[in-house]
Amino acid sequence: IDLLTLPGSPASFKLRGTTKLRRLKESWIKSLSLPDPDHAIKERWLSLLCFSYNDQEISDTDSAGSLEMTDGAIVRVWSKRPSAALTLEEQQVFTLSRDIAASMQDPSMQDMTFLVGEAQHALSASSFVCAARSSHLKARIQALQAHDQPLLIGCPRQSVASVAALLRFLYTGRPEFPGGLETEVLSLAHEFCIEPLKTLCEQRMVSLVSSQTVIAYLLTAAELD
């Protein structure tokens with residue numbers, strides 16, 4: 001399914017035929033590279049938007065199957081009521097979040113480096129973003145600056161994927177990483193004192209507890225205790 005916004009380019013999503021389209025709406029908001037909104041803000045955003053298929057508005061309880069959608073179906077998104085549009089303050093928060101997330105891909109905005117694993121793979125980041133999001137990183141950055149040292153942060157025991165996930169969270173507020181990295185990302189969040197990410201990792205781990213994962217989770221808990 002392609003969601004088409006005006007202005008904007010299509011965003012594609014795959015859904016089962018029985019999946020309620022409320023989930024499609026929430027996935028589209030999540031794709032905007034914004035920090036995860038709280039429930040009230042997300043509901044307000046959804047109330048301001050219209051999602052339609054074949055010129056008919058989609059309800060939360062509709063599914064791809066009930067609307068007889070086919071592969072490549074196009075859902076259009078626009079403001080439902082211009083008079084109820086986001087306030088100027090809300091628009092600026094939206095734009096600020098998007099721009100900070102986009103700066104993660106801009107080398108000119110990156111002035112510090114994380115050296116990852118034994119091979120010391122380099123991942124670049126903005127010291128401003130890292131300091132603003134982690135008091136621990138802020139202290140380390142300030143200490144390095146005070147001694148005119150390069151802004152290098154070593155992560156010798158972590159994987160590139162887990163450190164990249166940490167940086168995405170610092171920039172976007174979204175805990176996006178593949179399954180199996182929960183313990184690594186939790187360790188990083190613990191090391192750098194990023195409490196929201198620790199909580200999100202712990203919640204994900206609770207939902208994934210099984211006979212295959214429980215030993216690794218208990219070892220991680222003992223290590224962090």
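These legends walk you through several close-up views of one predicted model. Residues are numbered from 1 along each chain as its sequence is written, and because the model is predicted, local features need pLDDT of at least 70, while side-chain atom pairs count only at pLDDT 80 or more. Totals for chains, interfaces and linings use all residues, and side-chain values use heavy atoms, with hydrogens and water left out.

View 1. Helix α1 spans residues 22-30; here, helices (H or I, at least four residues) and strands (E, at least two) are DSSP runs, numbered from the N terminus. Which residues of α1 are buried? They are R22, L24, K25, W28 and I29, where buried means under 20% relative accessible area, exposed over 50%, and partly exposed in between (1.4 Å probe, protein chains only).

**View 2. R22 and D60 form a salt bridge.** A salt bridge is a side-chain nitrogen of Lys or Arg within 4 Å of a carboxyl oxygen of Asp or Glu, and a search of the whole structure finds three of them. In this one, the N to O distance is 3.4 Å. The pair links distant parts of the chain: R22 belongs to helix α1, while D60 is in the loop between β4 (56-57) and β5 (74-79), 38 residues apart. D60 counts as partly exposed, at 33% relative accessibility.

**View 3. R140 and E191 meet in a salt bridge.** Here nitrogen and oxygen are 3.8 Å apart. R140 lies in helix α5 (residues 135-146) and E191 in helix α7, so the pair ties together parts that are 51 residues apart in sequence. How accessible is each partner? R140 is partly exposed, with a relative accessible area of 28%, and E191 is partly exposed too, at 33%.

View 4. An α-helix has 3.6 residues a turn, so residues three or four places apart point the same way. E195 counts as partly exposed at 45% relative accessibility, whereas K198 counts as buried at 14%.

**View 5. The rings of F114 and F192 pair edge-to-face.** Rings of Phe, Tyr and Trp (its six-membered ring) pair if their centres lie within 6.5 Å; planes under 30 degrees apart count as stacked, over 60 as edge-to-face and the rest as tilted. By this rule the count comes to one aromatic pair. Why is the pair of F114 and F192 called edge-to-face? Their ring centres are 6.3 Å apart and their planes stand at 80°, so the pair falls in that class. F114 is in strand β6 (residues 112-116) and F192 in the loop between α7 (182-191) and α8 (195-207), 78 residues apart, so this pair links distant parts of the chain. F114 is buried, with a relative accessible area of 0%, and F192 is buried with a value of 0% as well.

**View 6. R133 lies over the face of F169.** The distance from the ring centre is 5.3 Å. A charge sits over a ring if NZ of Lys or CZ of Arg is within 6 Å of the ring centre and within 35 degrees of the ring normal.

**View 7. S162 is a buried residue in helix α6.** Helix α6 covers residues 160-172. With a relative accessible area of 0%, S162 is buried. Which residues does S162 touch, not counting those up to four places away in sequence? They are L181, E184, V185 and L188, with contact meaning heavy atoms within 4.5 Å.

**View 8. D148 and C193 each have a positive phi.** Phi of D148 is near 55°, a positive value in a residue other than glycine. D148 sits in the loop between α5 and β8 (152-155) and counts as exposed, at 72% relative accessibility. For C193, phi is also near 55°; C193 is in the loop between α7 and α8 and is partly exposed, with a relative accessible area of 40%.
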